[in-house]
Amino acid sequence: MESGVMRPGAESARSVLVLDSDVETPPLGLASIRELPVLALDFSPRSTGDPDHWERRLGVRPTELVVVTSETRDPDAVGADTVEQVTSPSDLTGLGMLATKHLGRWDDSADGPTPLVVLDSLTILFQYADLQAIFRFLHALTTRLANSNAHGVFFLDPMTQDDKTVHTLASLFDAVAERTDNGEWDVRVR
């Protein structure tokens, strides 16, 4: 991959893997959009009870927020329009079905802004599924993003996985963003 700057709507950056443990507002090129529908595949307890979490996390305010989680959450407590539940983070089929449902609904609305799918976090998924299952799930989801009017941001703490696993996952994404030793962002676009 070569270094580059991501821009909103760029075909080359439909899906981004953010390699950082606790990032807020990574350099995704979304700041000029400001508002868009967000589908959050969320297994992080950090967002519970914090309606502004997604704006801080992504740098954009969701015009519509759909949260898919394995926990029972009150939509008002997470600032969501809709909360859908899967049985466990290991239910990758259920996650995929719900993502397809909402992306299809937004695809039918051609006049609306580009939706954003956020998976927070892959680190948590690795506690429930192995690399092969997660790879298949991500391949299907990133393919769906590429075939629709949507973008995706996927968070992974690289310290929790070996280099081979990180490299294997990175091959699925159009861009990878990670912090350098001096705290700057390096964004590599394929």
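## Salt bridges and helix contacts

Asp186 is partly exposed, with a relative accessible area of 22%; buried means under 20%, exposed over 50% and partly exposed in between, for a 1.4 Å probe and protein chains only. This is a predicted model, in which local features need pLDDT of at least 70, side-chain atom pairs count only at pLDDT 80 or more, and totals for chains, interfaces and linings use all residues. Residues are numbered from 1 along each chain as its sequence is written, and side-chain values use heavy atoms, with hydrogens and water left out.

The whole structure holds six salt bridges, each a side-chain nitrogen of Lys or Arg within 4 Å of a carboxyl oxygen of Asp or Glu.

| Salt bridge | Closest N and O atoms |
|---|---|
| Asp186 and Arg188 | 3.0 Å |
| Arg179 and Asp20 | 3.3 Å |
| Lys101 and Glu84 | 2.8 Å |

Arg188 is buried at 18% relative accessible area. Shared partners join Glu178, Asp186 and Arg188 into one network of salt bridges.

Lys101 is partly exposed at 46% relative accessibility, whereas Glu84 is buried at 15%.

Helices are DSSP runs (H or I, at least four residues), as are strands (E, at least two), numbered from the N terminus. The axes of helix α4 (residues 131-146) and helix α5 (residues 163-170) come within 10 Å and cross at roughly 20°. Axes are lines fitted to C-alpha atoms, for helices over the stretch in contact, and angles run from 0 to 180 degrees between N-to-C directions. Leu131, Ile134, Phe135 and Leu138 of α4 meet Thr165, Thr168 and Leu169 of α5, contact meaning heavy atoms within 4.5 Å.
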